[in-house]
Amino acid sequence: CIFKTSKSTLIKAGFNEVLHILKQSERDLTKKLPDLKKQDKIELIEYIKEQHFTQAPPRYTDATIIKFLEENGIGRPSTYAPTITTLISRYYILRKSRQFIPTVLGKLVNKILTEHFPEIVNIDFTAKMEEDLDNIENGKLKGLDLLNNFYNPFKEKIDHVNANLQDHKKIFDEQTGETCEKCGRPMLKKLGRFGFFLACSGFPECRNSKAIPLADCPNPGCNGKIIPKRKSRSSKEFYGCTNFPECNFVTWFKPTEHKCPKCNKFLIEKNDKIHGEYKLCIDPECGYKQLIEN
């Protein structure tokens, strides 16, 4: 076994003398360790067994994923934002509480790419490509040779994958128990570019489709459902009632599956610097708040 220990020495308090930012770690600064030299023998006084569980690394945010791209030479500053936007718009990832969460579609695409194109999705691929482009500029490499060396093996692999890869189009289809109001056939839960939705199993003969209801409409006397909608110009998502225009309920906050214990309306997820993540009743007059324990 390898045993490790460490100590820290506070040389100058600086702002901490007033702000006490490191008050929690001041206990560590008081630990005194003897001056040890290489090959010194130490005496084992006690061995205490403790169990520790490895914590999963934090998910990427906009800042950390851009830092990762910069450190590994992937892309350029002008491509960072479009890359993130593309991943979100194609439903490969979701942004939740400033963190990126992979979707089921994103995990499937990643699995296919890493299994069949490991050399393309390798983080060293872009750096090597940049080096080859510099060699072309310096006259050390011909551009056509670079294209031939890349394209011919790549085309062969594409043809192989297309011939042997199973069809994943219907892998996420689920039975819902609902019936199509147009043709009477079963409605399926399917995955599209904007996430899951309901579609008729009789496609293409019947093209009926609709969004998956997220909650009951909170307006009194309305029996509609709240579904995601999109603004025509900006494509920004919001949530509204299926009985529009008779019911004009609309909100920017996504409904959760939880209901308010006070008024039975749906709860939304919010985040602020004071409370962190918490759930809040959609009815401002109710005011019910449920803090999320980390």
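Leaving aside neighbours within four places in sequence, Thr103 is in contact with Tyr91, Tyr92, Ile93 and Leu94, where contact means heavy atoms within 4.5 Å. The model is predicted: local features need pLDDT of at least 70, side-chain atom pairs count only at pLDDT 80 or more, and totals for chains, interfaces and linings use all residues. Residues are numbered from 1 along each chain as its sequence is written, and side-chain values use heavy atoms, with hydrogens and water left out.

Stay with Thr103. This residue sits in the loop between strand S2 (99-102) and helix H5 (104-116). Helices (H or I, at least four residues) and strands (E, at least two) are DSSP runs, numbered from the N terminus. Thr103 is buried, at 5% relative accessible area. Buried means under 20% relative accessible area, exposed over 50%, and partly exposed in between (1.4 Å probe, protein chains only). The Thr103 side chain reaches the backbone oxygen of Tyr91 at 2.5 Å. That is a polar contact: a pair of N or O atoms within 3.5 Å; within protein, one must be able to donate a hydrogen and the other to accept it, and residues adjacent in sequence count only if both atoms are side-chain atoms.

Now the whole chain. It holds seven helices and 14 strands. Of its 294 residues, 20% are buried. Among contacts between residues at least 6 apart in sequence, 29% join residues at least 24 apart. The chain exposes about 23,600 Å², and carbon and sulfur atoms supply 54% of that area. Accessible areas come from the Shrake-Rupley method with a 1.4 Å probe; for residues, only the protein chains shown count as cover.

Next, the charged pairs. Side chains of opposite charge can pair when their charged atoms come close. A salt bridge here is a side-chain nitrogen of Lys or Arg within 4 Å of a carboxyl oxygen of Asp or Glu. The count comes to 12 salt bridges. One of them joins Asp62 and Arg95, with the closest N and O atoms 3.1 Å apart. Asp62 lies in helix H3 (residues 62-71) and Arg95 in strand S1 (residues 93-96), so the pair ties together parts that are 33 residues apart in sequence. Asp62 is partly exposed at 28%. Arg95 is partly exposed too, at 45%.

Lys210 and Glu178 form another salt bridge, with the closest N and O atoms 3.8 Å apart. Lys210 belongs to strand S6 (residues 209-210) and Glu178 to strand S3 (residues 174-179), so this pair ties together parts 32 residues apart in sequence. Lys210 is partly exposed at 31%, and Glu178 is partly exposed at 33%.

Asp216 meets Lys259 at 3.7 Å, N to O. Asp216 is in strand S7 (residues 215-216) and Lys259 in strand S11 (residues 255-259), so parts 43 residues apart in sequence are tied together. Salt bridges that share partners also join Glu178, Glu181 and Lys210 into one network.

Turn to the surface. Phe3, Leu44 and Tyr47 form a nonpolar patch with about 410 Å² of accessible area together. Patches are made of residues with over 30% relative accessible area and no salt bridge: like charges are joined within 9 Å, nonpolar side chains (Val, Leu, Ile, Met, Phe, Trp, Tyr) within 5 Å. Phe3 lies in the segment before helix H1 (16-19). Phe3 is exposed, at 61%.

Last, helix H6 (residues 124-137). Its 14 residues reach 20 Å from first C-alpha to last, close to the 20 Å expected at 1.5 Å a residue. The expected span is 1.5 Å times one less than the number of residues. Gly139 follows H6, with a positive phi near 80°.
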